[in-house]
Amino acid sequence: MNYPFEGDYIDIHVHGGKTKPGVFILETLMAHENRLPDNIPGIAYTFGIHPWYLTHENYSDHLRLVERIAAMTEIVAIGEAGFDKLHGPSMELQAEVFSEQVKISERINKPLIIHCVRAWDELLSAARTLKPKQPWMIHGFRGKIKLAEQLLSKGFRISIWFEYALRPESTELLRNLPEDSFFLETDGADIRIESIYEKVADDKGIDIEYLKTIMCSNYLKFFNLGSQRDSC
């Protein structure tokens with residue numbers, strides 16, 4: 001299994017990422033894409049069913065694919081799975097397939113990466129019903145402090161959406177986030193993860209090397225890699 005080392009930048013959510021020295025990426029593979037993980041230094045993978053590409057016709061086949069691929073060593077998490085009220089099938093089907101992916105996550109002891117758009121009540125209801133033991137992380141977060149605090153109080157971790165992280169209006173949220181609660185991402189956009197680290201470090205009043213240590217520690221904890229804790 002690949003994992004970050006001391007001094008690495010970590011990009012926690014990427015689509016179509018390419019390796020480069022000093023940057024560790026978590027590449028998101030989706031069931032509809034017909035892509036499989038590879039053993040490439042500096043990359044780990046997630047695999048799941050994104051609600052945008054979910055249909056009544058494909059969900060059974062895609063769930064079987066997730067069940068098979070998720071057990072691979074290169075896959076460190078399930079997802080992105082979740083809910084989207086703006087794009088996707090009925091919320092009933094989204095909820096059913098989300099629940100099945102949670103069950104896979106629990107069976108194979110791998111965390112869950114979540115996509116959620118305007119469906120926080122549905123997500124929180126699922127968490128109450130399913131009572132997961134594996135950690136859940138919401139990628140692309142761009143909400144207000146009150147929502148972040150509510151999610152963190154329920155045990156979620158959040159990854160800050162790249163555009164929001166770079167905006168001045170994210171400063172208050174970033175200053176108030178506990179160090180062990182968040183991650184940073186590019187989502188595969190044409191933006192350097194180093195630039196996001198620079199803005200976040202400035203907002204939190206810390207240096208970039210310390211922020212790297214925080215992100216590495218959070219990664220190892222989230223993915224239950226305690227045996228590698230000296231890597232940070």
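## Helices H1 and H2

In this predicted model, helix H1 (residues 59–69) and helix H2 (residues 91–108) are roughly parallel to each other, because angles under 35 degrees count as roughly parallel, over 145 as roughly antiparallel, 65 to 115 as roughly perpendicular and the rest as oblique. Their packing angle is about 15°, and the axes lie 10 Å apart. Axes are lines fitted to C-alpha atoms, for helices over the stretch in contact, and angles run from 0 to 180 degrees between N-to-C directions. Helices (H or I, at least four residues) and strands (E, at least two) are DSSP runs, numbered from the N terminus.

Tyr-59, Leu-63, Val-66 and Glu-67 of H1 make the contact with Leu-93, Glu-96, Val-97, Glu-100, Gln-101, Ile-104 and Arg-107 of H2, contact meaning heavy atoms within 4.5 Å. By class, this contact of H1 with H2 has six nonpolar, one polar and four charged residues. Here Ala, Val, Leu, Ile, Met, Phe, Trp, Tyr, Cys and Pro count as nonpolar, Asp, Glu, Lys and Arg as charged, and the others, Gly among them, as polar.

## Basis of the values

Residues are numbered from 1 along each chain as its sequence is written, and side-chain values use heavy atoms, with hydrogens and water left out. As the model is predicted, local features need pLDDT of at least 70 and side-chain atom pairs count only at pLDDT 80 or more, while totals for chains, interfaces and linings use all residues.

## Other helix pairs

H2 also packs with helix H3 (residues 120–130): the axes come within 11 Å and cross at roughly 40°. H2 and H3 are therefore oblique to each other. Met-91, Phe-98, Ser-99 and Val-102 of H2 meet Glu-122, Leu-123, Ala-126 and Leu-130 of H3 in the contact. This contact of H2 with H3 divides into six nonpolar residues, one polar and one charged.

Helix H7 (residues 193–204) and helix H8 (residues 208–222) pack at about 100°, with axes 9 Å apart. That angle makes H7 roughly perpendicular to H8. The contact involves Tyr-197, Glu-198, Val-200 and Ala-201 of H7, and Ile-208, Leu-211, Lys-212 and Met-215 of H8. It has six nonpolar, no polar and two charged residues.

## Pockets

The largest pocket holds about 430 Å³ of space. A pocket, on a 1 Å grid over the protein atoms alone with a 1.4 Å probe, is an open set of points with protein on both sides within 12 Å along at least five of seven lines; lining residues have an atom within 4 Å of a point. Grid points are joined across faces, edges and corners, and a volume is the space filled by probe spheres set on the points. Of the 22 lining residues, His-115, Cys-116, Val-117, Gly-140 and Arg-142 lie nearest the centre of the largest pocket. Strand S5 (112–117) and strand S6 (136–141) each give two or more residues to this lining, and S6 gives the most, with four residues.

The second largest pocket has a volume of about 250 Å³. It is lined by 16 residues, of which Asp-11, Gly-17, Lys-18, Thr-186 and Ile-191 lie nearest its centre. Strand S1 (9–14) and strand S2 (23–30) each supply at least two residues of the lining of the second largest pocket.

## Backbone

The peptide bond from Gly-79 to Glu-80 is cis, with omega near 20°, and Glu-80 lies in strand S4 (residues 75–84). Asn-34 has a positive phi, near 60°, and sits in the loop between S2 and strand S3 (43–48).
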